[in-house]
Amino acid sequence: MSADERMVIVGAGQAGLHIAEALRSLGYEGGIELLGEEFHPPYHRPPLSKSWLAGEMDATQLIMRAPDALLRKRISLRTGTKVRSIDRLHKQVCLVDGNTISYTGLALATGSSPRILSLPGVNSKSVLALRTLDDASSVAKALALCAKKRLPVVVIGGGFIGLEVAATARKYGLDVTVLEAAPRLLSRVLAPVLSDWYVALHESRGVQLVLGAQVVSIESNSDGYVRGVCLADGSSIEAGLVLSGIGVSANDQLAKEAGITCEGGILVDSCSRTNDPHIVAAGDCTARKWANGRIVRLESVQNATEQAKSAASALLGNERPFDATPWFWSDQYDKKLQMAGISLGADEWAVRGEMNANTSEAGFSVFHFSQGTLLAVDSVNAGKDHLLARKLLDSRVSPTVKQVTDLSFNLADLLR
Ligand code: FAD
């Protein structure tokens, strides 16, 4: 190994950190530069809409790795450092400050960014999105102000982040309205029966839900702060905070501009390799073709962490495919949703257990099938079902609908 051997990682989030650490645990001895645009060391994002936002968790608990822990691993973390472009010919990255860093191998772990609402009045103060710790601090301040001034909150977009913030805002005792453009909640990922269950859950906790909502503009007061949201039916809803949760898009501009193949994200194979043999990518910024031929972009901690391990192996010339079942979780009120598999293309659903939004101990799972083959399982307060679902999906074992709905049938028997 030459003295100037260097792996450069762009993005110091979930995936970037794990690529750096995996390189060291795989025995790589060269230089590692972990470059992050944000001014914080790598931190956990999931609590930003949940326990941290609710004030139930200290900011220090968000930090995944303190800078001195990285130093001990000889990982050079540069925060506040944005990469502007990639020069593949000379194998170097160019920073916004004009400096360049050459690489032996390059990892792109640039994450994703919230989609921006395109509406008149969107620049009003207290119209916020939530992706970073700084965003979350602004949302927390706005929630506290709403609580003080008794102003309501409007969430635009009934996705996971929007619904989690809605649940957290209820903990502040605030009036909350969620505006969702689709006719049902989380329609891209959940079975209709679970979408309906989430509507019942939020309504039972006092959230106003408007499905099929068409937001036309945002109104502000003379001081520039948001006053409310106007809908196409002529109605308007008062708001002291508007949280925009209309999804994210992959941060793949750097890759695109460098001529790396992107299809709704940086296209990688199961080993996190791009079409450039010296460049890998991991996490929210990637898209990948699955066995069923669909190109899917996953946004989850598990995906970022597992792709990172594959990416580190690939940088060292080894193959470590990430082909385990994808999983994800979301916490709303006292309900933990755990999802296993990819439900896209499901044509049949079966419920195991009793669905009751008002019973706190209610635990159940929704199984998604395509032509009788199990695709995915969404479990609510049913951790054992979730673990079993992952095993069934990993082993490609499909129960029948009858077995799923029959609680006296032990699904674990199918694995013996
Ligand atoms: P990130 O963690 O976003 O890191 C990317 C980093 O790259 C960022 O810090 C960015 O600033 C930096 N960057 C981008 N471009 C450049 C550049 N040009 N130069 C330098 N740096 C750059 N997942 C779950 O599984 N369960 C949950 O419950 C859950 N809840 C969530 C709640 C919230 C509020 C959010 C925002 C996300 C949540 N997620 C959850 C998703 C999960 O956090 C992400 O999937 C995960 O963080 C992706 O990791 P990543 O490394 O790909 O991206």
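In this predicted model, strands β18, β20 and β21 make up, in that order, an open three-stranded sheet with mixed pairing, where strands are DSSP runs of E with at least two residues, helices are runs of H or I with at least four residues, and both are numbered from the N terminus; two strands count as paired if DSSP finds at least two bridges between them. β18 (266-268) and β21 (295-296) are the edge strands, each with a single partner, so one side of each has no neighbour in the sheet.

Residues are numbered from 1 along each chain as its sequence is written. Because the model is predicted, local features need pLDDT of at least 70 and side-chain atom pairs count only at pLDDT 80 or more, whereas totals for chains, interfaces and linings use all residues, and side-chain values use heavy atoms, with hydrogens and water left out.

Within this sheet, β18 runs parallel to β20 (residues 286-289) and is joined to that strand by three bridges; Ile 266 has Thr 286 as its bridge partner in β20, and Val 268 stands opposite Arg 288. Arg 288 also stands opposite Val 296 in β21, a strand that pairs with β20 in the antiparallel sense over two bridges. β20 and β21 form a hairpin with five residues between them, and Gly 293 in the turn has a positive phi of about 90°.

A further open sheet holds five strands in the order β22-β23-β26-β25-β24, with antiparallel pairing. Its edges are β22 (327-332) and β24 (348-353), each with a single partner strand, so one side of each is left without a neighbour in the sheet. From one strand to the next the twist averages 20°, with axes fitted as lines to C-alpha atoms and angles running from 0 to 180 degrees between N-to-C directions. Strands β23 (residues 335-341) and β26 (residues 373-380) run antiparallel and are joined by five bridges, and Gln 338 stands opposite Ser 379 in β26.

The strand pairs described above compare as follows.

| Strand pair | Sense | Bridges |
|---|---|---|
| β18 and β20 | parallel | three bridges |
| β20 and β21 | antiparallel | two bridges |
| β23 and β26 | antiparallel | five bridges |

The domain assignment of the chain gives domain 1 (6-112 + 249-315), domain 2 (127-246) and domain 3 (334-415), with bounds that come from an automatic or database assignment. The C-alpha centres of domain 1 and domain 3 lie 32 Å apart, and each of these two domains gives at least three residues to the lining of the second largest pocket. A pocket is here an open set of points on a 1 Å grid over the protein atoms alone, where a 1.4 Å probe fits, with protein on both sides within 12 Å along at least five of seven lines, and lining residues have an atom within 4 Å of a point.

The second largest pocket is lined by 24 residues, among which Trp 290, Ala 291, Leu 375, Leu 393 and Arg 396 lie nearest its centre. β26 and α8 (383-394) are the elements that give two or more residues to this lining.

The protein chain as a whole has nine helices and 26 strands, and its C-alpha atoms fill a box of roughly 65 × 65 × 35 Å along the principal axes.
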